[in-house]
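Dear colleague,

I am passing on the structure we spoke about, with the sequence alongside it. Please open it first, and then read the notes below with it in view.

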There are 2 protein chains.
Amino acid sequence: MNWQSITFDWNQARAFLVTAEEGSLSAAARALGLTQPTLSRQVAALEEALGVTLFERVNKSLMLTEAGVELAEHVRSMGEAASRVSLAASGQSQQIEGLVTISTTDVMAAYLLPDILKDLRRKAPGIEVRVISTNSLSDLRRREADIAIRHVAPDHPELYARKLRDANGRIFAARSYLEQFGRTLTKHDAPDLDFLGYEDNEQLIGYLRALGLDVTQANIKISSPNLLVAWEYVRLGFGLGVGADEIAARCPEIVPAFEDVPSLSFPIWLVTHRELHTSLRIRTVFDHLAEGLLAVKSQAKT
Amino acid sequence: MNWQSITFDWNQARAFLVTAEEGSLSAAARALGLTQPTLSRQVAALEEALGVTLFERVNKSLMLTEAGVELAEHVRSMGEAASRVSLAASGQSQQIEGLVTISTTDVMAAYLLPDILKDLRRKAPGIEVRVISTNSLSDLRRREADIAIRHVAPDHPELYARKLRDANGRIFAARSYLEQFGRTLTKHDAPDLDFLGYEDNEQLIGYLRALGLDVTQANIKISSPNLLVAWEYVRLGFGLGVGADEIAARCPEIVPAFEDVPSLSFPIWLVTHRELHTSLRIRTVFDHLAEGLLAVKSQAKT
DNA sequence: TAGGTGATATACAAATTTGCATGAACTGGC
DNA sequence: GCCAGTTCATGCAAATTTGTATATCACCTA
């Protein structure tokens, strides 16, 4: 092998990659945790070393040159390989310490995780946990998280998934909200009720109608894509909201709204990257989460 | 994109790659033009950063661990991408200066190239030329050379090739060698003659027999895989040797050995990497070589 | 058994790279 | 038109990385 051809500074290549992707030296510096002057010099040095002008400096901003576009393509594949290096390294690491990022819904993060994480801290004090609560399916494959709690089965072969159990959800309301009716609600009351909306209210209405509730967009007066906020509004008596039984069980002031509306079932999946699952650190958290999330069920039953 | 996962030091990854491939820190240091302590520290730092033991240090030597083998795989693909970066960069570079490596046979390098390169130095003084004369087909794809002069058509789609012309070769001898016979040789003399051997004498004998010469291994008393050395022996009268007409034309003491043996024709191809051919520097040399090697023909005719 | 070769690790000084501070120039909102 | 917010480039001091020199160990040969 001719190693001479790869003796350019690989960190400068990384600087170029991130600058090209982020669009500016400053943004790249922020992304990499370096400073803008450093990136500026690294990119300039790479141009010098390769004998190619990568960016057109026009008006204090950067534009990729034609050559830059072509080179960015190849540097990107370096970056993808680097990403795999990092992934494999995390998987190979057998230390029970370091950062583990968990992705889940904000409601889960707020209500179910705290107890589980408290135990984890005792069991594995070297592990630092970072919870990113996002409703969108954060992509494990892009390493935005190490472990995700999902309610749909992942289909990508790179991912390792374990279905923990099915959980039940239903429509809840605060006692204070129900008091104004002075009686138990039935599905015939639906057109006159207030429902809390989430991100996609069309979809929500579809679900509700499937349950036999005659509701329209007009029944949704307040929405929040932040489920935690919406759930707080339910708790405060602004209206009815869909939630999981085991979450509601932790809120004494919230009770099932209807007697005659069936509960719906949804699965709880624990997902990680296949390569990461060999990591002792990741596996420790994975197994602990699995155990903890299964235990919640029995708690909810009592 | 999550850039956090690629913030390990890429140069350390390169250090690991070359160390793993070369088998030792010292060899890697030589290959990269760095020192052994530097490599030692870079590899150790990478192990620290990734939290993975890459090498087992046993008896002052290194053995890849299982994790190291797995990671080496991914780092290798980083290296391959880096190689493509370098290749593309060379291709994009529009400077008429820098190093160009030419691969050809030693005989070509010694007899045909000097004049051509002399002109090139005048035409493009900024270009530094390095001639690696090897008989084996040095792999352009591995960047061991930028331009190669070949006698077979390359078949790889990554390569750009131009067939310059056909050249003639035949069997030559020094006048001093022929004098001992006092007459013109014919193919019937073959069993009693001395032939110079090259690398693969079986193959050479096959060629000679195909020309109607009844020779065996016993006719080859002296061989050298270095064609230049063998040709020098022909010149000094040690025996007969196969050579190109245009080379022989430059050696007054060498003349065709037989009257009744036909000449054989072989093509001259100029080959470079497809991506490199867009480089002004490479192209300058490529075109100059093409022009020069075509001009040799008319010279030989006169 | 002695000596030569070749491997890795470490102390220390030199060289390089980095971050901070700053200046200049452009963009967009008011 | 002006001002706040961003951008990139550069001087300078601090931090990091590198190379040199050296110690140690293993292996092979005479």
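Which residues does Asn11(A) touch, if those up to four places away in sequence are not counted? Please keep in mind throughout that this is a predicted model. Asn11(A) touches Gln42(A) and, from the other chain, Asp9(B), Trp10(B) and Asn11(B). Asn11(A) itself sits in helix H1 of chain A, which spans residues 10-22, and with a relative accessibility of 8% Asn11(A) counts as buried, because the cut-off for that class is under 20%.

The interface between the chains

Those contacts lead on to the interface as a whole, where 45 residues of chain B are in contact with 46 residues of chain A. Between them the two chains bury about 4100 Å², and 65% of this area is on carbon and sulfur atoms. Trp3(B), Trp10(B) and Val85(B) supply 18% of the area that chain B buries against chain A, which is more than any other three residues. The count of salt bridges between chain B and chain A is zero, whereas the count of residue pairs in polar contact between them is 20, with both residues at pLDDT 80 or more. On the side of chain B that touches chain A, H1, H2 and helix H4 (66-92) of chain B each supply at least two residues, and H4(B) gives the most, with 17 residues. The residues of that side of chain B divide into 21 nonpolar, 14 polar and ten charged.

Helix H2 of chain B

Helix H2 of chain B (residues 25-32) is largely enclosed by the rest of the structure, because six of its eight residues are buried. The buried residues in H2(B) are Leu25(B), Ala27(B), Ala28(B), Ala29(B), Ala31(B) and Leu32(B), and they pack against helix H1 (10-22), helix H3 (36-50) and strand E2 (61-64) of chain B. After H2(B) comes Gly33(B), which has a positive phi, near 75°.

Strands in chain A

Strand E5 of chain A (residues 147-150) is covered on both faces, with Ile147(A) and Ile149(A) buried on one side and Ala148(A) and Arg150(A) buried on the other. Two bridges join E5(A) to strand E3 of chain A (residues 98-104), and these strands run parallel; here Ile102(A) stands opposite Ile147(A). Four bridges join E5(A) to strand E11 of chain A (residues 264-273), and this pair runs antiparallel, with Thr272(A) in E11(A) as the bridge partner of Ile147(A).

Ala173(A) lies in strand E6 of chain A (residues 159-174) and is buried, with a relative accessible area of 0%. Leaving aside neighbours within four places in sequence, Ala173(A) is in contact with Leu178(A), Val234(A), Gly239(A), Leu240(A), Glu253(A), Ile254(A), Val255(A) and Ala257(A). One of these, Leu240(A), is 67 residues away from Ala173(A) in sequence but 4.8 Å away in space, C-alpha to C-alpha. By contrast, Pro252(A), in the loop between helix H9 (245-248) and strand E10 (254-256) of chain A, counts as exposed at 61% relative accessibility.

Salt bridges

The count over all chains comes to 26 salt bridges. Side chains of opposite charge can pair when their charged atoms come close. In chain A, the side chains of Arg235(A) and Glu232(A) meet in a salt bridge of 3.2 Å, N to O, and both residues lie in helix H8 of chain A (residues 227-235), three residues apart, about one turn of the helix. Arg235(A) is partly exposed, at 22% relative accessible area, as is Glu232(A), at 29%. Glu232(A), Arg235(A) and Glu253(A) are linked in a network of salt bridges.

In chain B, Arg235(B) forms a salt bridge with Glu253(B), with the closest N and O atoms 2.7 Å apart.

With best wishes

Technical notes: Residues are numbered from 1 along each chain as its sequence is written. Chains are lettered from A and ligands numbered from 1 in the order in which they are written. This is a predicted model: local features need pLDDT of at least 70, side-chain atom pairs count only at pLDDT 80 or more; totals for chains, interfaces and linings use all residues. Side-chain values use heavy atoms; hydrogens and water are left out. Buried means under 20% relative accessible area, exposed over 50%, partly exposed in between (1.4 Å probe, protein chains only). Contact means heavy atoms within 4.5 Å. Two strands pair if DSSP finds at least two bridges between them. Buried area is the accessible area (1.4 Å probe) that two parts lose on being put together, summed over both. A salt bridge is a side-chain nitrogen of Lys or Arg within 4 Å of a carboxyl oxygen of Asp or Glu. A polar contact is a pair of N or O atoms within 3.5 Å; within protein, one must be able to donate a hydrogen and the other to accept it, and residues adjacent in sequence count only if both atoms are side-chain atoms. Ala, Val, Leu, Ile, Met, Phe, Trp, Tyr, Cys and Pro count as nonpolar, Asp, Glu, Lys and Arg as charged, and the others, Gly among them, as polar.
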